[in-house]
Amino acid sequence: MEDNKIKIELSDWLYNAGVVGLYNILEHNGDKVQIKDNFLEFEINSLENFEEKYFKYFIEKYEKFTSWYKIISFQNKIEYWEEDGFQNFNEKSLEELNSYIRDVLKKYLKSNSYIAAYDLINNDFDIKLAEKEISTINLKKNQEFQDILNNIKLMIEKIIKIINYFKEDESKKYLAGKNVMYNIIKNGWNGVCFLNARTKEKDMYIDYKKYFVDSTIEYNKVKKDKFKYNCFLCDREMKDLNNDLSFLNATGFDTKRKSSHVWNFTNDVAVCPICKLIYSCVPAGINYVYSKGIFINDNSNIDSLININQKVRDEILKEHETNNSLTYRAMIIALEEEINDKVKYELSDIQLVRYDEEKYRFNILSKKLLEVLRSSRDDLNKLIKTGFNEINTYFNIYEEVLKKIMNGENLFLFIHKLLSLKLSKPVDAHYKMSHLKSMMYINIKFLKGVGFVENIEKDIIDSANKQGYFLRTEYENRNSENKIGGICYRLLNGLKTNNKDMFMDVIMNCYLYIGKTVPKIFIEALKSDENFKTIGYAFVSGLINEKDKNNGGSK
Amino acid sequence: MKAIRIKLYQNMVNYKIPSSFQLKETYPLPPYSTVIGMVHNLCGYKEYQEMKISIQGKYHSKVNDLYTRYEFKNGMEFDKGRHQLQADKFGICRGISTVELLTDVELLIHIIPENQDLIEEIKNSLDFPKIFPALGRWEDLAVIGEVKIVEIFEEELEEDLSLGDNYSVYIPLKMIKDGKIMLLGNGNKTSNQGTRYKLNKNYKKKDYGRNRVIRKWNKVEVVYSSRVLAVENEKILLDSDKKIVFAV
């Protein structure tokens, strides 16, 4: 290995995330990184000021997610008011101003992480005092708007001062730095360096430099002939086994207390400073939205690994600006682009890593699943704005459907759940029956993709759906629509337990009641379990009322 | 030179990547050390017998499964606040974790012991194993289909030769560098060749003093790929059934 260059090879997914992160950071700062096949190479000089580059990357990429940005972005509002001398300033504006003071300024300026950062900023402005001087302004009963306008203007002046303080380079460096530290970086690793609660070094930049960067540079300089140990990952020589992996979230293990993980209870899982530095870049490789993250480990070569993850990142950040945190959608878009880019390329069996609720979850996308996702794109897109509430939580149907498909589950159970919800608690069901139809189409493609069914056609859904609707109209004509709910429940029970007899009993009963022949489609349903469920659910979704707005159902 | 060639099948198996502790990830084919371990175990060897191995095969898909994880330290006493299980006076933590599994694995393995006198013995131990053969984890049973002694020789190829049956293989990097094996990239991009691994092969124990004995691994650089082509006019190792041998 040459001394002025560092060469890094790909390894397992977490390491790869670190490699992508390192590349992102260096590239973002205009450093030269060479990519060849399965490794990347960069000059050791690039590590000068690496701590600045490290934070700069996070701050600039995730700027709009920080509380720092929340504080300074209010300036636009103020400028808008000032433009016409507060002519348009009304009660609503006052409320906006107050909520900004109350929920943003007062809240964040007093937060511990900010208070810790103030000391690091070399600025005479007394921010703590400034915070105390601002307060909300209320219109008293006998006051006119004009009476308090001066107060408002004074307050805004004070706010501008605070914003200006925040906009200083150094303030941004430390305050936004604190933000990304706790919001982004913490998702990747924790407990050491500046994320160690008892760290001695207050300045996180210096802390990072000392902990990760200096040791790497130092390591690169020294002669390694006499080193006895080898890095567990890259096989480079090492002096001791002190660097373990327990600082990485949900990855390492406690080498002192749980040594059953290693051979003969003797820990040899230690990494060299270079690998440790790479691991510290994991948060820059995995794409985060708040506490969720996604990483696609397409590791056939470094080029595509970097490409696909950058695409995901761009999509996620773009999606998020429209106030939509659909992480999966971003991934699908990026995957699709990647597939379109290289038609010849076998993009399959790639590992998809999700970070959610402080755990890593894995999916492996097979080629077939990718095809299902691709061919169901239109139906999937219809589901984006749908969702339902359950126990005070909102679930997005799009995300749920994707999660299920990627886990290799069929959608019958989910469709069942949504149908029951529509029947029992329509207020919480923010979707239409047509969305369930889309889900059934997706489900058919999925079943075909995993080789379950050959001959189910899309039109059985349509015709079963229509039959349900006709039956409903017949019931309505007889003023018996109250019976439909009960019928649906019984049908659903039959479907869930795969009980064709029960299902058909109810069906016969219904058609006897309206005095018509049972439609032919139900013969189709008896052919296989998949047919039965598909047709059955399509029928029930046609039967359930769509127009019933009194219940506040469909939106 | 003779080799023992085995065909084996496994239903669900994990060939653990050494650095994965929480979720146990798997290699796409068993690494050399795993195969060597199986052979040694079945033959009852206590010392390492130098051998070369070639591994090729395929799997159908990957799934994730839960497993019960036991964590403990040798000789650590039971502590009610920390341990869930009490084993006599010792304590063990129990929890769940995830393991990645390959399904329907089919393997074609060549074993070339350096000491050729062992050929019959190894074949015999594979034909009539003393214990159940396992490859990967202890519970990953291996169904040995065929065990055959094959002659291995270097041959100059008259025409290009590729792998059959959708097989993938670990190709020692050296074979690629020597130009004996070509990887069919996608288009003319040479980089889309496959996944590179550094696989463990065999180890020597190294004593670092203070009760610290660590295995020092001999690692082999390989490329995992399915798009393999042995180039004509190159000398290459083949077995008697014209299967390419990627011995290392």
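Modeller: In this predicted model, buried residues make up 48% of the 248 residues in chain B. The secondary structure of chain B comprises 3 helices and 14 strands. Its C-alpha atoms fill a box of roughly 70 × 45 × 40 Å along the principal axes.

Biologist: What share of the contacts in chain B, counted between residues at least 6 apart in sequence, joins residues at least 24 apart?

Modeller: That share is 76%. For chain A, 71% of the contacts with a separation of 6 or more come from residues 24 or more positions apart.

Biologist: What else describes chain A?

Modeller: Chain A has 24 helices and 12 strands. Of its 555 residues, 55% count as buried, and its C-alpha atoms fill a box of roughly 90 × 80 × 45 Å.

Biologist: Why is Phe86(A) called buried?

Modeller: The relative accessibility of Phe86(A) is 9%. The cut-off for buried is under 20%, so Phe86(A) counts as buried. Phe86(A) is found in the loop between helix 4 (74-83) and helix 5 (91-109) of chain A. Its phi is near 65°, a positive value in a residue other than glycine.

Biologist: Asn392(A) also has a phi near 65°. Why is Asn392(A) called exposed?

Modeller: Asn392(A) has a relative accessible area of 80%. Exposed requires over 50%, so Asn392(A) is exposed. Asn392(A) lies in the loop between strand 10 (387-390) and strand 11 (393-396) of chain A. The positive phi of Asn392(A) again belongs to a residue other than glycine.

Biologist: How do you know that the span of helix 1 of chain B is close to the expected one?

Modeller: Helix 1 covers residues 32-43 of chain B, 12 residues in total.

Biologist: What makes helix 1 of chain B mostly covered?

Modeller: In helix 1 of chain B, 9 of the 12 residues are buried. Among them are Tyr32(B), Val35(B), Ile36(B), Met38(B), Val39(B) and Leu42(B). His40(B) and Cys43(B) are buried as well. Each falls under the 20% cut-off, so the label follows from that count.

Biologist: Which residue follows helix 1 of chain B?

Modeller: Gly44(B) follows, and its phi is positive, near 75°.

Biologist: Where the two chains meet, why is the pair Lys258(A) and Glu71(B) called a salt bridge?

Modeller: The closest N and O atoms of Lys258(A) and Glu71(B) are 3.6 Å apart. The rule asks for a side-chain nitrogen of Lys or Arg within 4 Å of a carboxyl oxygen of Asp or Glu, so the pair qualifies. The count between chain A and chain B is 2 salt bridges. There are also 12 residue pairs in polar contact across the interface. On the side of chain A that touches chain B, the residues divide into 14 nonpolar, 13 polar and 13 charged.

Biologist: How many residues does each chain bring to the contact, and what area is buried?

Modeller: Chain A brings 40 residues and chain B brings 40. The area buried between them is about 3900 Å², with 50% given by carbon and sulfur atoms.

Technical notes:
Residues are numbered from 1 along each chain as its sequence is written. Chains are lettered from A and ligands numbered from 1 in the order in which they are written. Side-chain values use heavy atoms; hydrogens and water are left out. Helices (H or I, at least four residues) and strands (E, at least two) are DSSP runs, numbered from the N terminus. The expected span of a helix is 1.5 Å times one less than its number of residues. Buried means under 20% relative accessible area, exposed over 50%, partly exposed in between (1.4 Å probe, protein chains only). Contact means heavy atoms within 4.5 Å. Buried area is the accessible area (1.4 Å probe) that two parts lose on being put together, summed over both. A polar contact is a pair of N or O atoms within 3.5 Å; within protein, one must be able to donate a hydrogen and the other to accept it, and residues adjacent in sequence count only if both atoms are side-chain atoms. Ala, Val, Leu, Ile, Met, Phe, Trp, Tyr, Cys and Pro count as nonpolar, Asp, Glu, Lys and Arg as charged, and the others, Gly among them, as polar.
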